[in-house]
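Trainee: I have the coordinates open and would like to go through some of the computed features. Where shall we begin?

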Amino acid sequence: MSIETKARNKRFVQLAVTTALATTALTACTGKTAPSHSYSAAHAEQALTKGNASKAVRHAEAAVLASPRDAYTRTLLANAYLTDGRFASAATTFAEAIELGDTAPRTVISHALAQVAIGDQMGALGTLSRFEDKLDAADYGLAMALAGRPDHGVNVLGNALRGGQNTPKVRQNLAYAYAMQGNWRAARLMAAEDVPAGEVGDRMAEWAALARPEAFTGRVATVLGVQPQADPGQPQMLALSNHPSVDMLAASGEAEPVAAPRGDFAFAEELPPVEAAPAVDDGADVALADAGLAPAGGIRFVGREVVQDTPIQAARPAAPRNARAAAPASAAPRSSSSSGDYNVQLGSFFSMSDANEAWKQFQKRYPELASSERVITKARVNGKIYYRVAAAGFAKTSADSMCRTVKSRGDGCIAYAASRKLPGAIAVVDAGVRVASR
């Protein structure tokens, strides 16, 4: 064995020893085996759902240590930090999740808000600018206002309102942006669209107390509905820099180059498993963990102090004079394939954002899916979380034909009755999105 090879092996062993020591430290030297990734992640999710942020942090840190380069797990930990009011740790961890590939809108907005909360307005503006085209106008406009650009936020939210997004969220975010702009008359008028008349004054007083430039932490904490606390920062043992990828190790000479895997894609033939995975209480997803999910009780971008809960009224609140109501979207034409109760599963992915992106690619690859409905189902198989992508609304013969086409091109496919719950399935997290044929 050459001296160079011995040196590489020694460095690689040192990295493994460091990870082992970190695992021991995280378990507080109890002598027990460190919990598995799936166990820790599931318990972190449950703790967040129940509002126990500190417990969620402990479990999420253990999950990250067990699977340090998993983007979903990093996002889970960042959400736990954010809910616990630990903004510095949240900002660091969201940045790592984005570096690992989680660029879902909720992750991006949460990262920007955490940056604002620690006074890094320039960093937040850079984050928002980088992903502007992926973000919802209501969230983007409010985040820009919080990041010190209220004029831009007012412009974005005003355009969204005039463009048809006449919703309480947009209206109240616009009211808040007006307040941060110093336009208190416009803020009061817009807030009055949804806030009971007797409470508008209190709302203005709350916003005025947070209007001082140095109150950036309080503004974000109020929007998110969390209590900020002293933050020692993310534990050093969890830093992404301590857990390089295989490619990084190879480039630095710490490990022999290995063939790069195809990616996080798992072919549909690999799922479902022959037997269902053990039942896990995993019905609720962590807020902000992935695109398109909004579980009950999760973190909201517009907190109680920004969007007022209003009594149910028989009539819809009147729209502002400068806004027009959204016209009802015309129904997309239904293809001949979308006329039954069979689904066609096309692939499985390790994140919701990847699943959404894959759906776009599948539609480009297979024109037959142009007007099909997307169904994304969360599943747990052998301790790992998957997001299964399927096209819905096929007749049985059409589903079989579609799968033959997909398989003939080397891709995976499963045709199954929509009423059938595939092994490992936890819940449908996205359904009914139709794209019209062009």
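Predicted model: local features only at pLDDT ≥ 70, side-chain atom pairs only at ≥ 80, totals over all residues.

Trainee: Which residues form the aromatic pair, and is it stacked, edge-to-face or tilted?

Mentor: The ring centres of Tyr176 and Trp207 lie 4.9 Å apart, with 40° between the planes. Planes under 30 degrees apart would count as stacked and planes over 60 as edge-to-face. The pair of Tyr176 and Trp207 is therefore tilted.

Trainee: Which helices does the pair link?

Mentor: Tyr176 and Trp207 are 31 residues apart, so the pair links distant parts of the chain. Tyr176 sits in helix 10, and Trp207 belongs to helix 12 (residues 197-209). The helices asked for are helix 10 and helix 12.

Trainee: Why does Tyr176 count as buried?

Mentor: Buried means under 20% relative accessible area. Tyr176 counts as buried because its relative accessibility is 2%.

Trainee: Where is Asn173, and is it buried or exposed?

Mentor: Asn173 has its place in helix 10 (residues 168-181). The relative accessible area of Asn173 is 0%, so Asn173 is buried.

Trainee: What span should helix 9 have, and how far apart are its end C-alpha atoms?

Mentor: Helix 9 (residues 150-162) has 13 residues. The expected span is 1.5 Å times one less than the number of residues, which means that helix 9 should span 18 Å. Its end C-alpha atoms agree with this, being 18 Å apart.

Trainee: What covers the buried residues of helix 9?

Mentor: The buried residues of helix 9 include Pro150, Val154, Leu157 and Leu161. Just after the helix, Gly164 takes a positive phi of about 120°. The cover of the buried residues includes helix 8 (137-146), helix 10 and helix 11 (184-191).

Trainee: Which residues line the largest cavity?

Mentor: The structure holds three cavities of 30 Å³ or more, and the largest has a volume of about 70 Å³. By class, its lining has three nonpolar, one polar and two charged residues. The lining residues are His37, Asp70, Tyr72, Phe350, Lys384 and Ile385.

Definitions and conventions. Residues numbered from 1 in each chain as written. Heavy atoms only, no water. Helix = DSSP H or I, 4+ residues; strand = E, 2+ residues; numbered from the N terminus. Buried < 20%, exposed > 50% of the residue type's maximum accessible area, 1.4 Å probe, protein only. Contact = heavy atoms within 4.5 Å. 1 Å grid on protein atoms, 1.4 Å probe; cavity = no way out; pocket = protein on both sides within 12 Å on 5 of 7 lines; lining within 4 Å. Points joined across faces, edges and corners; volume = space filled by probe spheres on them. Nonpolar A, V, L, I, M, F, W, Y, C, P; charged D, E, K, R; others polar. Phe/Tyr/Trp six-rings, centres within 6.5 Å; stacked < 30°, edge-to-face > 60°.
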